[in-house]
Structures are given as C-alpha cells and as structure tokens.
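Me: I am new to this structure and would like a close look at a single part of it. Please take me through the place where the two chains meet.

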Protein chains: 2
Amino acid sequence: MRVNKFLTIYENLVERIQSGNIKPNTKLPSENELVEQYGTSRETVRKALNLLSQNGYIQKIKGKGSFTLDVGKYDFPVSGLVSFKELAEKMGKPWKTIVCELDLEKPDPYIQKQLNINGKDSVWKIARARELENERIILDKDYVLQSVVPTLSKKICEGSLFAYLEGELGLKISFAKKEISVDEPTEEDYRYLDLKDYKHIVVVKNYIYLEDASLFQYTESRHRLDKFRFVDFARRGH
Amino acid sequence: MRVNKFLTIYENLVERIQSGNIKPNTKLPSENELVEQYGTSRETVRKALNLLSQNGYIQKIKGKGSFTLDVGKYDFPVSGLVSFKELAEKMGKPWKTIVCELDLEKPDPYIQKQLNINGKDSVWKIARARELENERIILDKDYVLQSVVPTLSKKICEGSLFAYLEGELGLKISFAKKEISVDEPTEEDYRYLDLKDYKHIVVVKNYIYLEDASLFQYTESRHRLDKFRFVDFARRGH
DNA sequence: AAGTGGTCTAGACCACCTT
DNA sequence: AGGTGGTCTAGACCACTTA
C-alpha cells in the first residue's frame, strides 16, 4: 500500500454511492462490518465515514447506523473550490473560454490591498470571459503573484489555470475565502459580457491560499444575474 | 468531566485565538506539547486541531507546526447555518423583526415539492421582515412541518425560531442545503420590504434537516441586492 | 442484551522540515 | 538527528437504539 487507507475507503464508498450501487436512504454496513470488509481498524473506517458525512454523502445516527443521503440534487456544486472548467464539464454543456487580457503589471492600489502586497511586486492579470450556449455570462479576473507563477501563456489560460498551477507547477492549493455580493457593472463588464439590460452583476471574490497559508491569488468572478447559482452544504454545530 | 475533551480543547483554543491571546500567524504549541498541557492523548489533541483547521482558525504544516490564520476578516459569517438573530447580534447593530404572517396551512404545490410532502400535511408558514438601520431589507419565509412543530406563537417568531426549536422543543438540527440565486421580486417582496428601485432580489433557499436526516423546514430568505453578502471558507481536496 | 456509533488511550511507524 | 504533523492499530468504555 502506497496510499492512504482511509482515503481509498472513502473514494470506494463515494464511487459506490454515486454509481447507484448503494442506493439513497439505505443503511451502510456497520463500522465493525466495514473493518472486516476492508481489513483495517475501526478508527480508520471512522475517518472515511466522517469524510463522507462532512461532504454530504451520508448521515450517521448513533445507535442506528450510517445512512446514505440523496445526493442527486447536486447539479451545480459551486460549493468549495471548483474551477470553471471542471464545472462546465460536469454539467456536460458546450462552453468556451475567451482570453480577453493577459498582462504582467504593477497592480493598482485596490489589488495591492486584496493581495496584501505593495506596489513593487509584479502581478499577472488575466481576464477571461466564459461562454455558455453562445452567451458570455461570466467574467473571471485573476490576479496572480509573479513570484509564485513566473511564466504564463495565452494557451494555458485558454485551458485550466488550476490544472496548470497544480499539475505543471506543483503548487498545492490549500484553502480559499469566498465572498459573494452584488454590484453595478463596470465598463469592463459591458465590454466583455453579454449583459442584456441587467443593471447589476453578482460578484464572487476569491482569496486563494497555498499550503503554507500564503495568499497568492485573488480572483473576481463576475456573473450575469440570471445565470448565477451557488449551492452549499453545511453541517451544524461542533 | 461531563463533556467532550476534544471539544473543550477546541473551544479553549478558539477563545484564546479570538481574544488575541494567541496572535495571528504565530505557531501554536506542538501536538506533543498540547498533549502535556491538556493531559490527554495525541489523537484527542489532533481532533481539536482538525476542527480548528476545518473552521479556518489554523493551518497545519507537516514538519513545521500549526499556525494561526488571520481570522479577523470574518465580520459577516453567513457561512454555515446561522440565524438572523445570532448574526445581527454579532454585528452589534440595531435590528428588528416584524412578523408579517403566521399561519397553519395546507401548502401549495411548490412548497409541497420543496418539502417533499403531499397536500395532506399541514405546514406553518411564517413570514418575517428583518429591519436593520430602519430599512426592511430581508424577508424570511419559513415553512415548517406541523408534525414536527405542533405549536407556534407570534411571540416565538419575534425572537429566534432556532432557539425555540433547539431549546424548547429539543430538536437537533443536523445539516442544511443552501442555494443562492437572483430572481425578480414578487408582490410580497414589494409589500413587506423597502425595495427602492431594485428590479431584482437575492434569494437564499434553505433546506433544513434533523439528526435523523429528515427534512422538516424550508426557508426562503429574500435579500435586497445592495445589502446582501455571503462569506465562505473552503478547504480544498481531501 | 446485543448492536451501533462516539470518545479516548498508548503506542507505533512514516514523511517532512530544520539544524 | 530530532522535532513536527499524518496515518494506523487494538483495545477500552460510553450512550443510544432496537429487540
């Protein structure tokens, strides 16, 4: 075994749930049974089950067992950190990315503040319009520290920036803070998007951190009102 | 000790971080040191630290230690499940709740679908306008299964519905699914809110589940555009 | 009473970082 | 080499549910 036991158990169970092999609202094998099935210890099984619980796959009930939840309704999971490319593919819709801007620049004061840097650091600015069903409905503006990402190309930006950062550069993205609000469109929004007559735009600000807790990217996703949707799963308490 | 060890350790550390006793971006004691300080085992300490990590208080780095994050920017944590009352109090602003409607009724087809019931079940409908700084900016419409909550009063709705459900009735709320979108205002919105000239409204749909994974409440929070804000903290991967 | 999940322990080995 | 967090184990006791 090279990989994590609890992760492989988790992935195996996710697979079985998503494929319908284990049906919604049915009882999973008990922890002790899973211990035997996977030939491991109970704490390891419990680690896998807690992951399933956190991610909304199952509900654990003391004295009764673990039950699968109806996970079918997650048709647009913006929850967590998901790139546009992953998302569009999951929805199976035709999509296109248009790279509007790609520049290395000294950031303006607002971006300096968002990234918590001073004017000396260079920043990549990427502006990309996202086209779904022949309408440009999302404008993604990324600001990436050049000290972390030395080189970038139009080709990379047309694909998945995330895949490049994690795959090619080996960066490990650890967590993100997200803020959703509504604002008035800027000139840029009108220029790059098919905004129709909408007088407002949904703004999602993303602050993205690496494994060492350093902030390295600020992204502003600007969504046309009627096409915006955000889904979240939250457990209460602790 | 009556209570959970790992929870008391967690709460103790949260307290120390939020009070500034432990400053942002500093190193916590190592796990082994915490084992000694709290007189417990390492797995228990790790359970507390993992909770801190999940909730955005610390970042754990292999080989180096656990470091506090700058948690100061969480001034409006709608993330997770938080009631309006808890929120308003946290912000320290004057707020008021106006109960617009309180009825026991047979739900219309849309609500039946949301709650996954048929027309025979009775449902409490509660409509409440939330007033902040003399403007009614949020309309909360709650639909609660009468089979779970037999009685309700105007007085209860003026306070915190959550506090009543969890405190008085002893219901245990386990998790919720949330969906954010933008829609056009209804007549109801115009009647109960100070909508100004805004032609759209932010809609947050909440599906709230009990410990046994049964859906018992559907809530629609309708926010005036300019006052809407949603903050989320998300860890990547697993 | 038997089965279930929740908590806790003491110890082990590993991978990573620092010195 | 020593310290750190990450994983895993085998066993224990508890609280809750069901029969």
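Reply: Putting chain A and chain B together buries about 3900 Å² between them, and carbon and sulfur atoms give 54% of that area. The model is a predicted one. The size of an interface is often given as the accessible area lost when the parts come together. Counted by residues, 43 of chain A are in contact with 43 of chain B.

Next come the polar links. The rule finds 14 residue pairs in polar contact across the interface of chain A and chain B, with both residues at pLDDT 80 or more. On the chain A side, the elements that give two or more residues to this surface are helix H3 (42-54) and the strands S1 (58-61), S6 (173-183), S7 (201-210) and S9 (229-235). Of these, S6(A) provides the largest share, 10 residues. By type, the chain A residues that touch chain B divide into 22 nonpolar, 13 charged and 8 polar.

In one salt bridge, the side chain of A:Glu179 meets that of B:Arg229, with 2.9 Å from N to O.

Conventions
Residues numbered from 1 in each chain as written. Chains lettered and ligands numbered in written order. Predicted model: local features only at pLDDT ≥ 70, side-chain atom pairs only at ≥ 80, totals over all residues. Heavy atoms only, no water. Contact = heavy atoms within 4.5 Å. Buried area = accessible area lost by both parts, 1.4 Å probe. Salt bridge = Lys/Arg side-chain N within 4 Å of Asp/Glu carboxyl O. Polar contact = N/O pair within 3.5 Å; in protein donor to acceptor, adjacent residues only side chain to side chain. Helix = DSSP H or I, 4+ residues; strand = E, 2+ residues; numbered from the N terminus. Nonpolar A, V, L, I, M, F, W, Y, C, P; charged D, E, K, R; others polar.
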